[in-house]
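Reader: Before I rely on the labels attached to a model, I want to know what each of them rests on. Please show me the structure and then take my questions.

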Amino acid sequence: MKLTFYKYQGTGNDFIIVDNRDSILTKNNTKLFARLCDRKFGIGADGLMLLELPQNEEDDFTMVYFNADGNEGSMCGNGGRCLVAFAAFLGVIKDKAIFTAVDGKHYAEIKNGLVSLQMQDVSEIEKYDSHLFLDTGSPHHVTMVDALSGYDVLTVGRKIRNGAPYFNAGSNVNFVEKNNGNSFNVRTYERGVEDETLSCGTGVTAVAISMHAIKKTNKEEVTIQTMGGELKVTFKETSKGYENIFLIGPAEQVFKGEIVC
């Protein structure tokens, strides 16, 4: 089979995207998805997404996301933003979208070249002496460190991701250093990719909320500098937790291609 695919990136977090509205790919082909994501034997990507037909009348499309290991993953924030840009490229939407992903319904908007994606509300944040843990559509361990640029994210991240209390389920691991005011630098070890990625949307969201929760910033708009570029997170703190959370940043098409699989 000759498969047409598109490559997108959002602050260096890169994805293979396939228009699967005609069901040309089945969701159980994990070996194929892993091979396509392989950077030496395939196309290369942090993950693969299928844009599928909407599940209900309100939606414009459905998002299905697979990690680089080929397994269906939890929510991917940068992936969601890239899929919105792809939907606009296809003409499925104009500048606004409603879609369903594995963690539920999302609203998005494209404005001035940036894609704003509404994330799920966060009602629970676990605070410990050394870190915080929360779920922003994917589970995230957040810890502050010194000298982030030289930090061994791969080794330490892998140890935390596979260790107690996460074990087999695993967690994404974010290392944070305050820049100034409401700006933070972040590096992330992603489960499923099993490596550091240049950016992680749900991780950036988790970091912004965590820094507000422990009063490292009092602003409800936080700027996050990742290895791949800058993202912003806006939110509203309420008596229930954090609501109206938006992940904002660029999402760009890199190229279109065909591969025999």
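Author: The chain has four helices and 17 strands, where helices are DSSP runs of H or I with at least four residues and strands are runs of E with at least two, numbered from the N terminus. This is a predicted model, in which local features need pLDDT of at least 70 and side-chain atom pairs count only at pLDDT 80 or more, while totals for chains, interfaces and linings use all residues. Residues are numbered from 1 along each chain as its sequence is written, and side-chain values use heavy atoms, with hydrogens and water left out.

Reader: What share of the 261 residues is buried?

Author: Buried residues make up 53% of them. Buried means under 20% relative accessible area, exposed means over 50%, and partly exposed is in between (1.4 Å probe, protein chains only).

Reader: How do you know that the buried residues of α1 line one face of the helix?

Author: In α1, residues 30-37, the buried residues are L32, F33, L36 and C37. Seen down the helix axis they fall within an arc of 130°, so they line one face. The arc is that of the directions from the helix axis to the C-beta atoms. An α-helix has 3.6 residues a turn, so residues three or four places apart point the same way.

Reader: Which strands do the buried residues of α1 pack against?

Author: They pack against β1 (2-10), β2 (13-19), β3 (47-52), β4 (61-67) and β17 (252-260), with contact meaning heavy atoms within 4.5 Å.

Reader: What makes F167 partly exposed, and what makes K215 exposed?

Author: F167 has 48% relative accessibility, so it counts as partly exposed. K215 has a relative accessible area of 74%, so it is exposed.

Reader: What is phi in F167, and what is it in K215?

Author: Phi of F167 is near 50°, and that of K215 is about 65°. Most residues other than glycine have a negative phi, and most peptide bonds are trans. F167 lies in the loop between α3 and β11, where P165 is also found. A cis peptide bond joins A164 and P165, with omega about 0°.
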